[in-house]
Amino acid sequence: MLQYIDIQNLANRATWDEGRYYQKHRQESMSSLRQAVHLVGRPEQFLVVGVGNANDLDLPELVGMAPKVWLADIDRASVERALARQGLRKRSQEGAPEAVRQDFQERLRVWIGDAGGSAQEIDDFLRAVSPLSSRQRMERRPVLAEALQRLAQRVGDYQPGADEASVPEPGLPGTGFDFVVSQCVLSQILWPVAQAVWETAGIPWQEGQAKLAGGSQDPLYPELAWALRSLTLGHLAWVERRLRPGGILVLNTDVSWQGVPLYGTDVAAALTNMPPSQGRKWAALQPNGQKEWEWQLDEATRALVRSYRLKKASL
Ligand SMILES: C[S@@+](CC[C@H](N)C(=O)[O-])C[C@H]1O[C@@H](n2cnc3c(N)ncnc32)[C@H](O)[C@@H]1O
């Protein structure tokens, strides 16, 4: 059984050489980042989560945007390769004049870890459902439903301790970022769970996703919807804790593939369903802060990407 991190690693390896498909997506993504810089004025530090191969990011430009720039991902190998490909490792380590080297070393920080994607909980879920394929199809759905409920509860119940926000994760400041960019991470968090459910239950992906988006109350659908919403809220809560009061989240996410909606990526809906205690921490979706563009993932797949901009409530 593949673990969450293996799934990300494989996906990054598969898309490493696909730069030709990323041009427009990269332009739009970088434009959303520049707008965040513009909105906060002169950022002291910001964080980009989901750097991966950086096919969709101009890393040298990004590193020039603030005195401290944090690049984060769960997959170390892809980030290291991307830094080398875009000349940052080279610039900071070899050949470059001392002043340039110093400058890049001081600005650039890399953090490898789970950015609120509940990777451990997803792995436990995948482990619980993987033996089901040896059972009769009719027996699978109740067990799946139960495993989804457990996942939703574990993700939803997680409450950081009162002092957690001030305790930095190893190497990563606990809070204080002027803005955070979540670069197409959300769909990656949701996908392994939905995919495991369709495969195990024997439901075609397209049919399942459409029914889910339509609010189906058939067995399994409410549980899956609950689990996916909890994962989305978990990621939002993680980002919210990293931001300073008044800080900005730019969340870029693919919301549909081939016109089929990816349930859970609708951040506006997730915010509406947010428990009041969590919801109060976000000031609002910023007016005019939402934008969409098409992204041709490969010859066969067309995605719609939406960029959300949220502001953390000021103290
Ligand atoms: C679709 S890719 C984004 C595209 C990437 N910027 C590129 O151009 O290659 C999503 C990235 O999010 C990372 N990721 C997925 N889940 C994560 C998590 N829970 N925490 C941190 N990074 C995660 C993946 O490893 C991957 O690099």
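This is a predicted model: local features need pLDDT of at least 70, side-chain atom pairs count only at pLDDT 80 or more; totals for chains, interfaces and linings use all residues.
Residues are numbered from 1 along each chain as its sequence is written.

Visitor: How many helices and strands does the chain have, and what is its radius of gyration?
Guide: Helices (H or I, at least four residues) and strands (E, at least two) are DSSP runs numbered from the N terminus, and the chain has 13 helices and 9 strands. The radius of gyration, taken over C-alpha atoms, is set against a globule rule of 2.2 Å times the number of residues to the power 0.38. That rule gives 20 Å for 315 residues, so the chain is as compact as a globular protein of that length, with a radius of gyration of 20 Å.

Visitor: Which residues of α2 are buried?
Guide: Burial is judged by C-beta atoms placed from the backbone, a residue being buried if 20 or more others lie within 10 Å of its own, exposed if 12 or fewer, and partly exposed in between. On the other side of α2, Ser31, Arg34 and His38 are exposed. The buried residues of α2 are His25, Ser29, Ser32, Leu33 and Ala36.

Visitor: Why do the buried residues of α2 line one face of the helix?
Guide: The arc considered is that of the directions from the helix axis to the C-beta atoms. Seen down the axis of α2, its buried residues line one face because they fall within an arc of 95°.

Visitor: Which element gives the most residues to the shell around the ligand?
Guide: Of the 25 residues around the ligand, Gly50, Gly52, Asn53, Asn55 and Gly117 come nearest. The elements that give two or more residues to this shell are α1 (4-15) and α9 (186-201). The largest contribution, 3 residues, comes from α1.

Visitor: Is serine 118 buried or exposed?
Guide: Serine 118 is found in the loop between β3 (108-112) and α7 (119-129), and has a positive phi of about 50° although it is not a glycine. With 23 C-beta neighbours inside 10 Å, serine 118 counts as buried.

Visitor: Where is cysteine 184?
Guide: Phi of cysteine 184 is near 55°, a positive value in a residue other than glycine. With 20 C-beta neighbours inside 10 Å, cysteine 184 counts as buried. Its place is in the loop between β4 and α9.

Notes:
A residue is near a molecule or strand if its C-beta atom, placed from the backbone, lies within 6 Å of it.
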